[in-house]
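Look through the structure first, then work through the questions below.

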Amino acid sequence: MPMDWSRFEHAYGSAADLPQLLEQVGDPELADEAWEELASALYHQGSVYTASFAALPALADIAADRIPGDRRLALLLAGRIVSAEQQVHEPGYVQTHYPDAVAELHGLTLQGLRAEPFEGDEEDYLYALEDLLAFEGVPVWRCCLLRNSYEVQCPACSQHLKIDLYAQPPCTRRLDPNERVRFIGDQGPPLTGIHPTVPADLPPLGARLYAMAVEAGQSTVAEHLTHLHGRATCPDCTPEFSVPQQIEAAVRSRTPTLRATTNPACHGEQ
Ligand SMILES: [Zn+2]
């Protein structure tokens, strides 16, 4: 029985137009525009919808070459959708509802990460690692591996801080919670450094990702992972704290599906 797509919604309303879009991405003449429309309907500025998850089997079909379309784009779109799953579902939702598609997408992502050479730059590699964790149902870290700024709180004095892992060298910056919307990009001067962890001290998940990056020759990614798992010093009250613990606490506190209230002052960013 054909799927009734009108039961689902995407960013622009009813998903009844999805069969047509999924067909157009396989047509060389229409593919570029159709991919853009499809991605923007299913993963709209980081938001996901009922149709986004329902489209996973079709995206797996394209990624596995069973139906025509760009394999890499299908894999990337599926990865972004599942990375965003925790916005609306508890971890494990896609594995329960779309087990075959998710297992296949996981296998293809792993294959891509092990390919020599990897198809993409360092940021693409980190995105693929996030997607891998998403397909495995790992919470939090599926959206926190990139070389971004992460908003955290000092566990001792509750000062709002940015952990800037994009800066060279990575550093803390002060974050005024009242100004976070007004000046994106106005981030204040570097305050204290981030001390990377030594690889031997990485926790099991970090150690696994680090080993994959080293094996793939992704030295910048490997080094970044040691900062992501490093320690920072609070510029206000001076004690050291664990960067990954504070990132995890911040993500859990603002993600209702992760049901944690360890950091009640960080909220409202969804
Ligand atoms: Zn402090």
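Ala31 lies in helix H2 (residues 31–42). A helix here is a DSSP run (H or I, at least four residues), a strand is one too (E, at least two), and both are numbered from the N terminus. This is a predicted model, so local features need pLDDT of at least 70, side-chain atom pairs count only at pLDDT 80 or more, and totals for chains, interfaces and linings use all residues. Residues are numbered from 1 along each chain as its sequence is written.

Q: Why is Ala31 called partly exposed?
A: Count the other C-beta atoms within 10 Å, with C-beta atoms placed from the backbone: 20 or more means buried, 12 or fewer means exposed, and in between is partly exposed. Ala31 has 17, so it is partly exposed.

Q: Which residues does Ala31 touch, not counting residues up to four places away in sequence?
A: Ala31 touches Gln24, Val25 and Asp70. Touching, or contact, means that the C-beta atoms, placed from the backbone, lie within 7 Å. Ala31 and Gly69 are 38 residues apart in sequence, but 7.6 Å apart in space, C-alpha to C-alpha.

Q: What makes Asp65 exposed?
A: Asp65 has 11 other C-beta atoms within 10 Å, so it counts as exposed. It lies in the loop between helix H4 (56–63) and helix H5 (71–83). Asp65 also has a positive phi of about 75°, although it is not a glycine.

Q: Is Ser158 exposed or partly exposed, and why?
A: Ser158 has 15 other C-beta atoms within 10 Å, so it is partly exposed. Its place is the loop between strand E3 (149–153) and E4. Ser158 is not a glycine, yet its phi is positive, about 70°.

Q: How do you know that the buried residues of H9 line one face?
A: Start with the list: Leu209, Tyr210, Met212 and Ala213 are buried in H9. Seen down the helix axis, the buried residues fall within an arc of 160°, so they line one face. The arc is that of the directions from the helix axis to the C-beta atoms. The face turned away from the buried side carries the exposed residues Pro204 and Glu215. What covers the buried residues includes H7, H8 and helix H10 (219–228).

Q: What makes the span of H9 close to the expected one?
A: The expected span is 1.5 Å times one less than the number of residues. H9 (residues 204–215) has 12 residues; its expected span is 16 Å, and it reaches 16 Å from its first C-alpha to its last.

Q: Which residues does Ile81 touch, not counting residues up to four places away in sequence?
A: Ile81 touches Leu42, Tyr43, Val48, Ser52, Phe53 and Leu56.

Q: How many residues of each domain are in contact with the other?
A: 15 residues of domain 1 are in contact with 13 residues of domain 2.

Terms used: Contact = placed C-beta atoms within 7 Å.
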